Amino acid sequence: MNHKIYTGLVLRKYPLREADDIVSFWSWEEGKVRLLARSVRKQTSKLKAILAPAAWMQLYAVPSGQMAVVTSASIIKNYPKIPSSLESTSVLFSVLEMVSKATGDDQPNEKISLLLQDSLAFLDEHDEAQKHLDFYIIFIRELMSALGFRFDLSSCSKCGKGDFSGSRPYLDRYGFSVICQPCTKYFPAVEKIDLQVWEYLNKLEIEKGFQQANTADKSTKLKTSQALSRYFQFVIEREIKSQKFLEQNLAL
Ligand SMILES: [Zn+2]
């Protein structure tokens with residue numbers, strides 16, 4: 001039979017019939033894929049590995065009609081401290097949800113695979129709420145970068161001026177770039193960005209991972225995570241809308 005191997009982690013499970021699940025799986029090989037796991041919730045199931053709450057695993061699947069069917073599942077690495085912490089579990093759940101929303105089917109992305117592996121390792125090691133805030137901020141930044149959204153906030157994206165000491169920079173929500181005060185006349189959708197948030201975002205270095213020095217105060221971090229969440233939401237909604245737009249127009 002024409003087996004396929006998928007290495008990665010479960011993003012979400014959707015119950016289907018009595019004991020079957022549809023599994024949304026992030027794979028190293030093909031990015032996000034949807035697979036059918038038959039009888040996975042039966043006591044005797046050989047696919048039990050799929051139900052592990054935080055694990056890096058390998059699945060074998062065979063094509064079958066619309067959706068490939070999982071034939072075997074084995075855990076490569078378990079992260080047992082995550083499910084024992086409510087806090088870590090909910091952080092993991094929310095970042096998996098983000099990956100689920102932000103990615104299309106069958107689009108492999110090595111950076112996202114590495115980011116997810118690092119995330120499991122980090123959350124297994126740290127269950128302190130303060131570390132989770134750092135994690136969340138870096139995760140969104142890395143995810144957006146992996147998806148190809150640039151984050152250059154060091155200078156005005158219109159005129160290139162990099163000194164904002166006289167006035168606060170403005171944030172262009174549409175591109176997540178900064179605009180100096182005189183250039184705001186060209187941009188209808190800008191909002192003032194908190195100077196501390198801006199400095200903090202500039203300090204975070206892309207692809208340095210979760211262990212980098214993370215020295216802003218708590219209120220700056222909270223504001224930063226809110227700004228990043230808003231931006232993420234905005235980008236995802238825009239992507240979904242444009243996809244629908246394309247599909248409708250291609251159908252004509
Ligand atoms: Zn400017």
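## A walk through the fold

Of the 252 residues in the protein chain, 31% come out as buried; here that label takes 20 or more other C-beta atoms within 10 Å of a residue's own, while 12 or fewer makes a residue exposed and anything in between partly exposed, with C-beta atoms placed from the backbone. Keep in mind that this is a predicted model, where local features need pLDDT of at least 70, side-chain atom pairs count only at pLDDT 80 or more, and totals for chains, interfaces and linings use all residues. Residues are numbered from 1 along each chain as its sequence is written.

Start with the overall layout. The C-alpha atoms of the protein chain fill a box of roughly 70 × 55 × 25 Å along the principal axes. The protein chain has five helices and eight strands, taken as DSSP runs (H or I, at least four residues, for helices; E, at least two, for strands) and numbered from the N terminus. Along the sequence they follow the pattern β-β-β-β-β-α-α-α-β-β-β-α-α. Among contacts with a separation of 6 or more, 53% link residues 24 or more positions apart; a contact means that two C-beta atoms, placed from the backbone, lie within 7 Å.

Now for the barrel. Five strands close up in the order 1-2-3-5-4, with mixed pairing, where pairing takes at least two DSSP bridges between two strands. Neighbouring strands of this sheet are turned by 50° against each other on average, direction ignored. Strand 1 (residues 4–16) and strand 2 (residues 20–27) run antiparallel and share eight bridges. One spot to look at is Val10, whose bridge partner in strand 2 is Phe25.

Helix 1 (residues 86–102) lies across strand 1 and strand 2, at about 100° to strand 1. Angles like this run from 0 to 180 degrees between N-to-C directions, using axes fitted to C-alpha atoms, for helices over the stretch in contact. Ser100 sits in helix 1, and because it has 13 C-beta neighbours inside 10 Å, Ser100 counts as partly exposed. Beyond its neighbours within four places in sequence, Ser100 touches Leu11, Arg12 and Ser24. Ser24 is 76 residues away from Ser100 in sequence, yet their C-alpha atoms are 8.1 Å apart.

What about the packing? The largest nonpolar core has 58 residues, and Phe25, Leu35, Ile50, Val70, Val99 and Leu143 touch the most other members. Such a core is a set of buried Ala, Val, Leu, Ile, Met, Phe, Trp, Tyr and Cys residues joined through C-beta atoms within 7 Å. Helix 3 (residues 129–146) gives the most to this core, with eight residues. Take Val70 as an example: leaving out residues up to four places away in sequence, Val70 touches Leu35, Leu36, Ala37, Leu47, Ile50, Leu59 and Ala61.

There is also an open sheet of three strands, ordered 7-6-8 with antiparallel pairing. Its edges are strand 7 (177–179) and strand 8 (190–192), each pairing on one side only. Neighbouring strands of this sheet are turned by 40° against each other on average, direction ignored. Strand 6 (residues 170–172) and strand 8 run antiparallel, joined by three bridges, and Leu171 has Glu191 in strand 8 as its bridge partner.

Finally, look at helix 4 (residues 195–203), where Val197, Trp198 and Leu201 are buried. They fall on the same side of helix 4 because they cover an arc of only 100° around the axis, judged by the directions from the helix axis to the C-beta atoms. In general, an α-helix has 3.6 residues a turn, so residues three or four places apart point the same way.
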